[in-house]
Amino acid sequence: MGKLTGQVAFITGAARGQGRAHAVKLASEGADIIAVDRCADVETARYPMATEADLAETVRLVEATGRTVAASIADTRDLDALQNAVDAGVQRFGRLDIAVANAGIAAAPTMSWDLAPEAFREMMDINVTGVWQTTKVAIPHILAGGRGGSVILVSSMAGLRGVPGIVHYASAKHAVAGMAKSIANEVGWANIRVNSIHPGNVRTTMIDNEPMVRGFRPDLDDPVLDDTAEIMQKLNLLPLPWVEAEAIADAVLYLVADTGRGITGAALPVDLGTSAKFGG
């Protein structure tokens with residue numbers, strides 16, 4: 001028996017990176033998965049998004065755990081597509097217990113006054129409105145089950161600190177933290193727990209891309225992620241440059257399983273101590 005045997009989890013941005021790690025982790029503990037991803041590039045994001053092949057690989061990895069997955073392509077900004085995806089999954093599995101609003105985009109360093117308005121708007125549309133719409137379509141199903149449940153909103157350590165050069169990203173992630181606390185107050189009576197998780201730099205495509213790496217190492221002609229390791233490590237309390245996606249998934253599992261039964265309205269950093277570093 002796994003920690004989540006018999007439960008169903010809805011995960012956005014599930015095609016790769018943290019979303020895939022969450023899907024595989026929760027499935028390995030017995031949950032069936034409703035997985036969605038946009039599987040298409042975002043105009044203002046300067047790095048490639050996940051593909052349909054990536055989503056298919058997540059399906060394969062979930063099924064390898066022995067669990068079942070209902071996967072579909074949906075943009076979290078498209079409320080109808082998101083609603084159809086979760087409704088179809090609930091119809092197939094008969095319930096919904098967990099929602100992980102993971103989908104989001106990163107931002108390459110740009111001073112606030114140099115930001116294009118469309119970049120600011122798209123960041124808010126995806127990283128704030130998309131998160132809210134995920135909760136909008138998921139929570140009624142969790143409420144209908146009458147069993148309680150858990151909702152995780154994936155924010156960032158930039159949702160806990162004022163980070164220069166990514167004002168649109170930091171603003172969005174602060175909004176997500178506030179959203180989690182507000183919704184926790186709305187649904188606590190139904191034994192639904194709502195928390196935000198605040199990763200630091202996670203070694204996925206969100207930091208391992210040319211614009212992001214070049215922002216850290218503009219002094220190099222062709223920098224790669226490993227060239228940023230010394231700089232990134234200096235941001236952290238722990239002597240590591242970045243955290244792995246599996247560590248974030250472990251935190252998600254802790255909160256959504258019975259281990260997190262007393263926790264709601266919390267903002268949990270999984271950031272190697274970046275947000276707590278004095279003078280950092």
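Visitor: Which residues are linked with Arg38 in a network of salt bridges?

Guide: Asp75, Arg77 and Glu122 join Arg38 in that network. Keep in mind that this is a predicted model.

Visitor: And how many salt bridges does a search of the whole structure find?

Guide: The count comes to 13.

Visitor: OK, give me a pair. What does Asp97 form a salt bridge with?

Guide: Arg95 is the partner, and the closest N and O atoms are 2.8 Å apart.

Visitor: Is Asp97 buried or exposed there?

Guide: Buried, because its relative accessibility is 3%. Arg95 has a relative accessible area of 24%, so that one counts as partly exposed.

Visitor: What about Asp258, which side chain does it meet in a salt bridge?

Guide: That would be Arg261, at 3.3 Å from N to O.

Visitor: Now Arg203. Which residue does its side chain meet in a salt bridge?

Guide: Asp226, with 3.2 Å between N and O.

Visitor: Where do Arg203 and Asp226 lie?

Guide: Arg203 is in the loop between β6 (192-199) and α6 (210-216), while Asp226 is in the loop between α6 and α7 (229-234). The pair therefore ties together parts that are 23 residues apart in sequence. As for accessibility, Arg203 is partly exposed, with a relative accessible area of 34%.

Visitor: Switching topic: what domains does the assignment give?

Guide: Domain 1 covers 8-202 + 244-269, and domain 2 covers 208-241.

Visitor: How many Å separate the centres of domain 1 and domain 2?

Guide: Going by C-alpha atoms, the centres are 26 Å apart.

Visitor: And how many residues are in contact between domain 1 and domain 2?

Guide: Seven residues from domain 1 contact seven from domain 2.

Visitor: What area is buried between domain 1 and domain 2?

Guide: About 550 Å², and carbon and sulfur atoms give 70% of that. On the side of domain 1 that touches domain 2, there are five nonpolar residues, one polar and one charged.

Visitor: Then how many residue pairs are in polar contact across the interface of domain 1 and domain 2?

Guide: Also zero, looking at pairs where both residues are at pLDDT 80 or more.

Notes. Residues numbered from 1 in each chain as written. Heavy atoms only, no water. Salt bridge = Lys/Arg side-chain N within 4 Å of Asp/Glu carboxyl O. Buried < 20%, exposed > 50% of the residue type's maximum accessible area, 1.4 Å probe, protein only. Helix = DSSP H or I, 4+ residues; strand = E, 2+ residues; numbered from the N terminus. Domains from an automatic or database assignment. Contact = heavy atoms within 4.5 Å. Buried area = accessible area lost by both parts, 1.4 Å probe. Polar contact = N/O pair within 3.5 Å; in protein donor to acceptor, adjacent residues only side chain to side chain. Nonpolar A, V, L, I, M, F, W, Y, C, P; charged D, E, K, R; others polar.
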